[in-house]
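Please have a look at it before I go on.

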Amino acid sequence: MAAGSQQLTGNFVLIGVIAFVGFFGRLLFVAFAPSLAKASPFKNLSGPGFICLAIGLFFGGLYVSGKMVKAQVLVSRHLIDPVIVTILGRDSCDPDDGSYCVVVFENGEERLVNWHDKRVFMYEIVNPPQGAVWNTLRPRGRPEDAADA
């Protein structure tokens, strides 16, 4: 059996299970709704309580699935770093604390940004069009007055 047909069969089985559970789950919910409502542990939650519950479930799911670091990187890439670098005009990375930093030039000014900044394409940095340069000297340190600006 080919891999494509196994995936197609798996999709049909998944859709069938969802339809089966949804159909009979709806029947059970309609039949037992009053007793389910009384037994609900969330029956006394207010609107903000439900919002906190949803946030807790979301972050709990990220933690259990092991995707917390990926979520932190994506939030930093799309929300935090653009504000720090573009709007505030500051470096978003400090190499002194062991972070991986990349130099980005904006309007003639040099900025140190995190390696996961969305404006940095790491493949091009590691493998430039003229060929990878592995035996070069480290870049000179920035002058103290430029780092304070």
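Which residues make the nonpolar surface patch of about 690 Å²? In this predicted model, that patch is made by V13, V17, F20, V21, F23, F24 and L27. One of these residues, L27, has its place in helix α1, which covers residues 3-39, and at 42% relative accessibility L27 counts as partly exposed, because the partly exposed class runs between the buried cut-off of 20% and the exposed cut-off of 50%.

Let me turn to the rings. A pair of aromatic rings is described by the distance of the centres and the angle of the planes. With centres required to lie within 6.5 Å, the count comes to 3 aromatic pairs. One of them is formed by F23 and F24, with 5.1 Å from centre to centre and 85 degrees between the planes, an edge-to-face arrangement. As for accessibility, F23 is exposed, with a relative accessible area of 52%, whereas F24, at 38%, counts as partly exposed.

Why is the pair of F58 and F59 edge-to-face? Their ring centres are 5.3 Å apart and their planes stand at 75 degrees, and the pair is therefore edge-to-face, since that class takes angles over 60 degrees. Here F58 is exposed, at a relative accessible area of 53%, while F59 is partly exposed, at 43% relative accessibility.

To come back to the patch, F20, F23 and F24, which are among its residues, are also linked into a cluster by ring pairs.

Key:
Residues are numbered from 1 along each chain as its sequence is written. This is a predicted model: local features need pLDDT of at least 70, side-chain atom pairs count only at pLDDT 80 or more; totals for chains, interfaces and linings use all residues. Side-chain values use heavy atoms; hydrogens and water are left out. Rings of Phe, Tyr and Trp (its six-membered ring) pair if their centres lie within 6.5 Å; planes under 30 degrees apart count as stacked, over 60 as edge-to-face and the rest as tilted. Buried means under 20% relative accessible area, exposed over 50%, partly exposed in between (1.4 Å probe, protein chains only). Patches are made of residues with over 30% relative accessible area and no salt bridge: like charges are joined within 9 Å, nonpolar side chains (Val, Leu, Ile, Met, Phe, Trp, Tyr) within 5 Å. Accessible areas come from the Shrake-Rupley method with a 1.4 Å probe; for residues, only the protein chains shown count as cover. A salt bridge is a side-chain nitrogen of Lys or Arg within 4 Å of a carboxyl oxygen of Asp or Glu. Helices (H or I, at least four residues) and strands (E, at least two) are DSSP runs, numbered from the N terminus.
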